[in-house]
Amino acid sequence: MRLIDSDGEQLGVVPIERALEVAEERELDLVNVAPQAKPPVCRILDYGKYRYEMMKKMKESKKKQKTINVKELRFSPNIELHDLNTKANQAKGFLEDGDRVKVSVRFRGREMGHTDLGREVLDKFAELVSDVGEVEKKPKMEGRSMTMFLSQKAEDKK
């Protein structure tokens with residue numbers, strides 16, 4: 001097996017018995033860091049300290065991750081302009097927080113014959129939030145509702 005010292009120096013390819021002796025002499029642990037390599041790579045180090053540093057690195061990388069939530073707004077095809085503006089302001093807040101927004105227009109009864117009105121409402125909504133967000137998925141009928149996804153503008157993402 002290939003042996004690496006605690007300082008990072010290579011001690012060469014040695015038998016496992018010799019590697020264990022060297023680790024015992026230094027009162028450290030022999031850790032197999034690359035078992036799939038030919039020959040396997042082992043390192044002499046303090047295993048407790050090694051695990052602690054690995055956990056610390058994992059926590060640090062998780063802190064930097066951003067989870068994206070999907071917020072949903074629903075309305076009917078005959079929504080008034082003021083109500084649409086209120087929903088648009090709400091959507092702008094979601095988009096500024098980095099969330100995606102699912103906007104859906106629900107059709108009931110005879111409204112199913114006028115899906116073009118729902119598309120107009122979604123287009124108007126996309127226009128109202130265009131300064132903060134952009135259309136990620138175009139309006140599409142799914143059962144009795146027409147949905148569209150919005151996301152934060154590319155230049156605003158951080």
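Partly exposed here means a relative accessible area between the buried limit of under 20% and the exposed limit of over 50%. Keep that scale in mind for the stops below. The model is predicted.

**Stop 1**

Select Glu136. Its relative accessibility is 37%, so Glu136 counts as partly exposed.

**Stop 2: other salt bridges**

How many salt bridges does the structure hold? There are five. Select Lys92 and Asp131 next. Their side chains meet in a salt bridge at 3.7 Å, N to O. Here too the pair links distant parts of the chain, 39 residues apart. Lys92 belongs to helix H3, while Asp131 is in the loop between H4 and strand S7 (133-142).

Move to helix H1, residues 16-25. Pick Arg18 and Glu21. Their side chains meet in a salt bridge, 3.7 Å from N to O. Both residues lie in H1, three residues apart, which is about one turn of the helix. Arg18 is partly exposed at 39% relative accessible area. Glu21 counts as partly exposed too, at 44%.

**Stop 3**

Go on to Glu27, in the loop between H1 and S3. Look at its backbone. Phi of Glu27 is near 55 degrees, a positive value in a residue other than glycine. Is Glu27 buried or exposed? Its relative accessible area is 72%, so Glu27 is exposed.

**Stop 4**

Select residues 29-34, strand S3, and residues 41-45, strand S4. The two strands pair in the antiparallel sense over five bridges. Asp29 stands opposite Leu45 in S4. S3 and S4 form a hairpin, with six residues between them.

Show the peptide bond that joins Lys38 and Pro39. This bond is cis, with omega about -10 degrees.

**Stop 3: a nonpolar surface patch**

Show the surface and select Val33, Tyr47, Tyr50 and Met54. These residues form a nonpolar patch with about 320 Å² of accessible area together. Which helix gives the most to the patch? Helix H2, residues 47-64, does, with three residues. Met54 lies in H2. Met54 has a relative accessible area of 37% and is partly exposed.

**Stop 4: the largest nonpolar core**

Hide the surface. Select Phe75, Val101, Val103, Phe125 and Leu150. Of the 20 residues in the largest nonpolar core, these five touch the most other members. H3 provides the largest share, five residues.

Centre the view on Val103. Which residues does Val103 contact, leaving aside its neighbours within four places in sequence? They are Leu73, Phe75, Leu122, Phe125, Met146, Thr147, Met148 and Leu150.

**Stop 5: Pro77**

Select Pro77, in the loop between S5 and H3. Its relative accessible area is 11%, under the 20% limit, so Pro77 is buried. Display what surrounds this proline. Leaving aside neighbours within four places in sequence, Pro77 is in contact with Val105, Arg106, Phe107, Glu111, Leu117, Gly118 and Val121. Pro77 and Met146 are 9.8 Å apart in space and 69 residues apart in sequence.

**Stop 6: Gln152**

Finish at Gln152, in strand S8. Is Gln152 buried or exposed? Gln152 is buried, with a relative accessible area of 14%. The C-alpha atoms of Gln152 and Glu127 are separated by 14 Å, and the two residues are 25 apart along the chain.

Methods
Residues numbered from 1 in each chain as written. Predicted model: local features only at pLDDT ≥ 70, side-chain atom pairs only at ≥ 80, totals over all residues. Heavy atoms only, no water. Pairing = 2+ DSSP bridges. Helix = DSSP H or I, 4+ residues; strand = E, 2+ residues; numbered from the N terminus. Core = buried A, V, L, I, M, F, W, Y, C linked by side-chain atoms within 4.5 Å. Buried < 20%, exposed > 50% of the residue type's maximum accessible area, 1.4 Å probe, protein only. Contact = heavy atoms within 4.5 Å. Patch = residues over 30% accessible without salt bridge, like charges linked within 9 Å, V, L, I, M, F, W, Y side chains within 5 Å. Areas by Shrake-Rupley, 256 points an atom, 1.4 Å probe, with all protein chains shown as cover. Salt bridge = Lys/Arg side-chain N within 4 Å of Asp/Glu carboxyl O.
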